[in-house]
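Q: I would like to learn how to read a structure one feature at a time. Could we take the sequence and the model together, and go slowly?

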Amino acid sequence: MELALIFILSVIIAFALATGSFLNVIIYRVPRKESIVWPGSHCPKCGEGLSWYDNIPLLSWFWLRGRCRHCGRPISWQYPLVELTTALLLVAAFFKFGVDLKFIFAALMLLVLLTVAVVDAQRQIIPNRIILPSLVVVPILAVAAGLAGRQAMPIVGSVGYLEMAIGFVLGGGLLLIIAMVRPGGMGGGDIKLAAFMGIFLGRYVLIALFIGFLLGSLAGIISMAFFHKSRKDLLPFGPYLSLGAMLTLFFGYELFQWYIGFIL
Ligand SMILES: [Zn+2]
């Protein structure tokens with residue numbers, strides 16, 4: 001491998017692991033309405049603060065064999081898993097987009113999607129404190145980039161503000177309609193998440209929603225068949241929408257071509 005590539009990848013992985021560690025803080029604290037800056041990292045079981053060497057992403061968890069140094073109680077495997085997933089997603093995005101502004105936007109999208117997916121899977125909620133700022137900041141960044149002559153959004157399909165707006169309306173609008181037709185299934189958080197996805201995916205958001213519905217339905221059928229859950233058990237939809245958006249980010253264009261070839 002080229003030396004420059006090894007260097008760039010090392011920087012991305014180091015950045016991603018540190019960011020994944022911060023996502024863990026957001027995932028734990030935001031739904032509990034705690035500050036994400038104060039106090040510093042501590043064991044959620046005994047409250048003891050963590051020294052820097054017990055707070056190194058990925059490594060510390062394995063070093064400590066998944067247990068708190070102070071109280072010995074287990075530390076969730078979710079911490080290293082989120083850190084590792086963040087690194088894998090950002091490296092994949094780099095190989096997809098290379099040294100390009102689209103890579104920065106793709107990374108932003110993936111970080112929000114991962115956070116939302118884990119929070120929703122755990123607590124069946126997509127917090128406004130995560131999705132609303134994301135919905136505001138991303139268009140501002142996109143316009144700022146556009147003013148600087150570097151328009152890069154949406155990152156899938158054709159670039160342009162109109163396409164961003166189309167994705168926003170398609171994603172948010174479709175889930176809004178579903179929520180009105182079948183109350184109870186779709187939450188307000190899901191609608192905002194789909195609108196967020198649309199900003200990045202343009203009209204390809206339809207593919208993301210399709211994949212999300214497909215995976216969500218499969219998971220619903222499996223959980224009813226094997227885990228004796230009833231239809232009434234609330235199945236969080238955010239993780240499947242997020243997964244659909246991630247797959248569309250990486251393979252949306254190819255999936256669309258394949259589908260067109262399939263029906264023609
Ligand atoms: Zn502890």
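Predicted model: local features only at pLDDT ≥ 70, side-chain atom pairs only at ≥ 80, totals over all residues.

Q: Which atoms coordinate the zinc ion, and at what distance?

A: The zinc ion is held by the SG atoms of Cys43, Cys46, Cys68 and Cys71, at 2.3 Å.

Q: How do I read the arrangement of the four donor atoms around the zinc ion?

A: The general idea is to compare angles with an ideal value, which is 109.5 degrees for four tetrahedral donors. Here the four donor atoms subtend angles of 104 to 117° at the zinc ion, and the arrangement is therefore tetrahedral.

Q: How do I read the way two helices pack, for instance H3 and helix H4?

A: Two packed helices are described by the angle between their axes and by the distance between those axes. In this model H3 and H4 (residues 101-123) pack at an angle of about 150°, and their axes are 9 Å apart. Angles over 145 degrees count as roughly antiparallel, and so H3 and H4 are roughly antiparallel to each other. The crossing in which H3 passes H4 is right-handed.

Q: Which residues make the contact between H3 and H4, and how do they divide by class?

A: From H3 the contact includes Val82, Leu89, Leu90 and Phe94, and from H4 it includes Phe103, Leu110, Leu111 and Val118. By class, the contact of H3 with H4 has 13 nonpolar, four polar and one charged residues.

Q: What are the angle and the axis distance for helix H5 and helix H7?

A: H5 (residues 128-147) and H7 (residues 188-201) pack at about 25°, with axes 10 Å apart. Because of that angle, H5 is roughly parallel to H7. H5 passes H7 in a left-handed crossing. Among the residues in contact are Ile131, Leu135 and Val138 of H5, together with Leu193, Phe196 and Ile199 of H7. The residues of this contact of H5 with H7 divide into ten nonpolar, two polar and one charged.

Q: How do H5 and H6 pack?

A: H5 and H6 pack at an angle of about 165°, and their axes are 11 Å apart. H5 is therefore roughly antiparallel to H6, and the crossing of H5 and H6 is right-handed. The contact includes Leu135, Pro139 and Leu147 of H5, and Tyr161, Met164 and Phe168 of H6. The contact of H5 with H6 has eight nonpolar residues, one polar residue and no charged residues.

Q: What should I look for in the backbone itself?

A: Most residues other than glycine have a negative phi, and most peptide bonds are trans. In this model, the peptide bond from Trp38 to Pro39 is cis, with omega near -5°, and Pro39 lies in the loop between H1 and H2. The peptide bond from Met153 to Pro154 is also cis, with omega near -10°, and Pro154 belongs to the loop between H5 and helix H6 (161-181).

Q: What is the phi of Leu58, and where is Leu58 found?

A: Phi of Leu58 is near 65°, a positive value in a residue other than glycine. Leu58 is found in the loop between H1 and H2.

Note on methods:
Residues numbered from 1 in each chain as written. Heavy atoms only, no water. Axes fitted to C-alpha atoms, helices over the stretch in contact; angles between N-to-C directions. Helix = DSSP H or I, 4+ residues; strand = E, 2+ residues; numbered from the N terminus. Parallel < 35°, antiparallel > 145°, perpendicular 65-115°, else oblique. Left-handed = near helix turned anticlockwise from the far one by under 90°. Contact = heavy atoms within 4.5 Å. Nonpolar A, V, L, I, M, F, W, Y, C, P; charged D, E, K, R; others polar. Donors = N, O, S within 2.8 Å, 3.2 Å for Na, K, Ca; no water. Tetrahedral: all angles 85-135°; square planar, octahedral: opposite > 155°, others 65-115°.
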